[in-house]
Amino acid sequence: AVVSTQSGHYGRGLNLPPLIAPTKCSVLPLSNSPEFIPYVEDLSAALRKLGIPNKVEDSSGSIGRRYARTDELGIPFGITIDFDTMKEQSVTVRDRNSCSQIRVPVSDTPDLINKLCTEQMTWGVAKEKYPEFIGQESNN
């Protein structure tokens, strides 16, 4: 299916509501840097502990291509581990439908995803609570 997001971005994929999406979020390391591995493993495990099905998307390709792959699978949210994760203990959380991103402390992320996926919080409320993320310079 071709889907149009609120931002006018067109892409291919399933537009499943978070409540019924089989995989609720993806965990995407920005690169294959070994420093990212503990964050990826810990976040994925914390999500599973809350009963949140997630997919680690560490295949080759740019982060944009990997977002597109997860969009095609109907995964509503993406969590990106990047160089700021190590410095600030925060991650980028991306909403599939709007393609907007927010910066969230690592410790808040599993609970935030749980609330978003169980409709206890909307993306709009999450955007009010956490700072918007626009982009990052590559450090590798």
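Mentor: Helices (H or I, at least four residues) and strands (E, at least two) are DSSP runs, numbered from the N terminus. This is a predicted model, in which local features need pLDDT of at least 70 and side-chain atom pairs count only at pLDDT 80 or more, while totals for chains, interfaces and linings use all residues. Residues are numbered from 1 along each chain as its sequence is written, and side-chain values use heavy atoms, with hydrogens and water left out.

Start with Ser 90, which lies in strand E6. Ser 90 is buried, with 6% relative accessibility. Buried means under 20% relative accessible area, exposed over 50%, and partly exposed in between (1.4 Å probe, protein chains only). Contact means heavy atoms within 4.5 Å. Setting aside neighbours within four places in sequence, Ser 90 contacts Asp 84, Thr 85, Arg 103, Val 104, Pro 105 and Val 106.

Now the sheet. Five strands form an open sheet with mixed pairing, in the order E4-E3-E5-E6-E7. Two strands pair if DSSP finds at least two bridges between them. The edges are E4 (54-56) and E7 (101-105). Each has a single partner strand, so one side of each lacks a neighbour in the sheet. On average, neighbouring strands are turned by 25° against each other, direction ignored. Axes are lines fitted to C-alpha atoms, for helices over the stretch in contact; angles run from 0 to 180 degrees between N-to-C directions.

E5 (residues 77-81) and E6 (residues 90-95) pair in the antiparallel sense, over 4 bridges. Across that pairing, Ile 79 stands opposite Val 93 in E6. H2 packs on the sheet, touching E3 (25-29), E5, E6 and E7. The direction of H2 makes about 165° with that of E3. H4 (residues 109-117) also lies across E3, E5, E6 and E7, and runs at about 170° to E5.

Look along H2 (residues 63-72). Arg 66, Tyr 67, Thr 70 and Asp 71 are buried there. They sit on the same side of H2, because they cover an arc of only 145° around its axis. That arc is taken from the directions from the helix axis to the C-beta atoms. Tyr 67 has a relative accessible area of 10%. Beyond four places in sequence, Tyr 67 contacts Leu 28, Thr 80, Arg 94 and Gln 101. Tyr 67 and Gly 78 are 11 residues apart in sequence, yet 7.4 Å apart in space, C-alpha to C-alpha. After H2 comes Gly 74, with a positive phi near 80°.

Return to Ile 79. Not counting residues up to four places away, Ile 79 touches Cys 25, Ser 26, Val 27, Leu 28, Leu 43, Leu 47, Val 91, Thr 92, Val 93, Thr 109 and Ile 113. A nonpolar core is a set of buried Ala, Val, Leu, Ile, Met, Phe, Trp, Tyr and Cys residues joined through side-chain atoms within 4.5 Å. The largest has 25 residues, and Ile 79, Ile 81, Val 93, Ile 102, Leu 112 and Ile 113 touch the most other members. Two or more residues come from each of E3, H1 (37-49), E5, E6, E7, H4 and H5 (123-129).

Last, the cysteines. A disulfide is a pair of cysteine sulfur atoms within 2.5 Å, and the count comes to 0. Cys 117 is in no disulfide; its nearest cysteine sulfur, that of Cys 25, is 6.4 Å away. Cys 117 is buried at 4% relative accessible area, whereas Cys 99 is partly exposed at 25% relative accessibility.
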